[in-house]
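This report describes how one protein model is put together.

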Amino acid sequence: MKKTLAKIIFVIILILIVIYTFHDSAETIMQQITQTSLWLIIAVCLVSVIYHLFEGGILFLLSRVHSKDIHYGHCVACAFYAAFYRVATLGGGAGVAAVYFLDKKGLEYSKGTGVYTMMYVFHRISIMLFTTVFFLASWSFMAEHYSTYKGYLIVGYVLTFGICLGITLLGCWPKAHSIVVGLAKKFNKSGKFDSQISLLENNVVVLEESFMDMLKRKSLILKVVILNFFKLACWYSIPFILMYQFTDLTLMESWAITSLSVMIAAVIPAPAGVASTEFVYTMLFQVVVGVSLAGSSVLLYRFATFIVPFLIGIVFVILHRRDKSKSGFAQFKTNTDHTHCES
């Protein structure tokens, strides 16, 4: 409860900072939103759905290594199921929810934890690669408009690279496993966090096993990275779809700016990226399209990438709970019939 309250307070503070920063442009931002075509809004919502279809495909490829009972439909449902809990828990419960969902579909909990962790690792690595590729592809444009932001860019790259490297070392280097667990135990002399350390140790073991298994499947690694590029291109196309009528910004330039904003926002410790994404996105896009267009597009970007998957996820949460109720009733009926037969 305290953790959730702290998240909410932190998000409120960030939102207030964003509001204060761009309050002078609030009226023009709202006017810009009202002028946006309904078809454009529908288009960005569809693009967000396609993103989750790719997400389901990546999850399917990784899950099928461990379980042949998992189907593509299960994995797409899982992607939306996790999207619901990403909003409901401000980011903290998405992974747990996904692992729980997969467990009910035949992928045991430990394997599901490894699969979802690998998904996260490839997602972060792909963001960094995507940003690098399209930053370099739009080098003259980015250098012209964002040379004054080079300090932020370097910090974003270093922190993102550090996160990816840290997780990779945990998975590939047994000594890193020992160091992390050893440090955790050293700071837990009172024994207050024994259960958390035990969970950490188990998760690191699962991560190590998943990495070792993945390194044997180089073709699978390539497929996952390619699918991640297509997946990211969906969300990163949203600003271009919303702005192409009002600016000379190309699709590739839009990809470069959006991927950069997402990478930088990701290293700000905000629950589910709330407010940090809006702030960095608006800060970068206003340089080339103005604050009103940047502000209106980021609100629609957040709606398409955050709220739409959440709303679709509600359907899968309801269906999942209904299936649980049915299976529970079926089990109860079987046990009852068995008891009658014995009588």
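Helix α13 has 16 residues, which at 1.5 Å a residue should span 22 Å, and its end C-alpha atoms are 22 Å apart, so the two values agree. The expected span is 1.5 Å times one less than the number of residues in the helix. Of the 16 residues of α13, 13 are buried, so the helix is mostly covered. Buried means under 20% relative accessible area, exposed means over 50%, and partly exposed lies in between (1.4 Å probe, protein chains only).

The model is predicted: local features need pLDDT of at least 70 and side-chain atom pairs count only at pLDDT 80 or more, while totals for chains, interfaces and linings use all residues. Residues are numbered from 1 along each chain as its sequence is written, and side-chain values use heavy atoms, with hydrogens and water left out.

The protein has 15 helices and 0 strands. Both are DSSP runs numbered from the N terminus (helices are H or I with at least four residues, strands are E with at least two). Of its 343 residues, 45% count as buried. The accessible surface comes to about 18000 Å², and 69% of that belongs to carbon and sulfur atoms; areas come from the Shrake-Rupley method with a 1.4 Å probe, and for residues only the protein chains shown count as cover. Among contacts (heavy atoms within 4.5 Å) with a separation of 6 or more, 76% join residues 24 or more positions apart.

The largest nonpolar core has 44 residues, and those with the most contacts inside it are M142, Y236, I238, I257, L260, L284 and F285. Such a core is a set of buried Ala, Val, Leu, Ile, Met, Phe, Trp, Tyr and Cys residues joined through side-chain atoms within 4.5 Å. Its largest share, 8 residues, comes from α13. Leaving aside neighbours within four places in sequence, I238 is in contact with V44, V47, Y301, A304 and T305. Apart from this core lies another, of 38 residues, among them L59, F84, Y85 and V115.

The structure holds 17 aromatic pairs. Rings of Phe, Tyr and Trp (its six-membered ring) pair if their centres lie within 6.5 Å; planes under 30 degrees apart count as stacked, over 60 as edge-to-face and the rest as tilted. Two of the pairs are set out below.

| Pair | Type | Centre to centre | Angle between planes |
|---|---|---|---|
| F60 and Y72 | edge-to-face | 6.3 Å | 85 degrees |
| F130 and W255 | edge-to-face | 5.9 Å | 70 degrees |

F60 lies in helix α3 (residues 38-63) and Y72 in helix α4 (residues 72-88), so their pair ties together parts that are 12 residues apart in sequence. F60 is partly exposed at 24% relative accessible area, and Y72 is partly exposed at 38%. F130 lies in helix α6 (residues 109-137) and W255 in helix α13 (residues 251-266), so this pair ties together parts 125 residues apart in sequence. Both F130 and W255 are buried.

Ring pairs also link Y81, F84, Y85, F101 and F310 into a cluster.

G57 is found in helix α3 and counts as buried, at 12% relative accessibility. Not counting residues up to four places away in sequence, G57 touches Y72 and L227. The C-alpha atoms of G57 and C75, 18 residues apart along the chain, are separated by 7.0 Å.
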